[in-house]
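Subject: Structure handover

Dear colleague,

Please find below the sequence and structure that I am handing over to you. My notes on what was found follow directly after.

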Amino acid sequence: MSYNSKKNEFRVNDDEMANYFVFRSKTRPSYEGQELNAYVEWTLTTNVKRYEGVRFEVKQVDDGGCIWLWSKSQKIGITLKELN
């Protein structure tokens, strides 16, 4: 897992970097009810999914640094982990 504060980008990948997930937005998700647009990309068994400008709403933020986001239009749910 990694976080790049200059790009506001969260990344998760396996040891071989063959399977990964990327979330990038201009605004860091931080509070419930917040809405933001983001780029998301992830691997599947046979290809890669990429979506630009997906509208997400922050549904929950817990004390442990987990952030739950939901895109109603694309039906994409994401959980991010804040890294300090």
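At 27% relative accessibility, Glu57 counts as partly exposed, where buried means under 20% relative accessible area, exposed means over 50%, and partly exposed lies in between (1.4 Å probe, protein chains only). The side chain of Glu57 meets that of Lys59 in a salt bridge at 3.4 Å, N to O, the term standing for a side-chain nitrogen of Lys or Arg within 4 Å of a carboxyl oxygen of Asp or Glu. Lys59 is likewise partly exposed, at 46% relative accessibility.

Before going further, please note that this is a predicted model, in which local features need pLDDT of at least 70 and side-chain atom pairs count only at pLDDT 80 or more, while totals for chains, interfaces and linings use all residues. Residues are numbered from 1 along each chain as its sequence is written, and side-chain values use heavy atoms, with hydrogens and water left out.

Salt bridges

A search of the whole structure finds six salt bridges. In one of them the side chains of Arg55 and Glu35 meet at 3.2 Å, N to O; because Arg55 lies in strand E5 and Glu35 in strand E4, this pair ties together parts that are 20 residues apart in sequence. Strands (E, at least two residues) are DSSP runs, as are helices (H or I, at least four), and both are numbered from the N terminus. Arg55 is partly exposed at 39% relative accessibility, and Glu35 is partly exposed at 46%. Arg11 and Glu9 also meet through their side chains, at 2.8 Å, N to O; here Arg11 is partly exposed, with a relative accessible area of 33%, whereas Glu9 is buried, with 5%.

Strand pairing

Two strands are said to pair if DSSP finds at least two bridges between them. Strands E3 and E4 run antiparallel and are joined by five bridges, with Phe23 standing opposite Val40 in E4. E4 and E5 also run antiparallel, joined by eight bridges, and they form a hairpin with four residues between them; within this pair, Asn37 stands opposite Arg55 in E5. Strand E6 (residues 66-71) pairs with E7 in the antiparallel sense over six bridges, and Cys66 has Lys81 in E7 as its bridge partner. E6 and E7 form a hairpin too, with four residues between them, and Lys75 in the turn has a positive phi of about 55°.

In a regular strand the side chains alternate between the two faces of the sheet.

The nonpolar core

A nonpolar core is a set of buried Ala, Val, Leu, Ile, Met, Phe, Trp, Tyr and Cys residues joined through side-chain atoms within 4.5 Å. The largest one has 14 residues, of which Phe23, Leu36, Val40, Phe56, Leu69, Ile78 and Leu80 touch the most other members. Two or more residues of this core come from each of strand E3 (20-25), strand E4 (35-43), strand E5 (48-61), E6 and E7. Leaving aside residues up to four places away in sequence, Phe23 touches several residues, including Phe10, Pro29, Leu36, Val40, Phe56 and Leu80, contact meaning heavy atoms within 4.5 Å.

With kind regards
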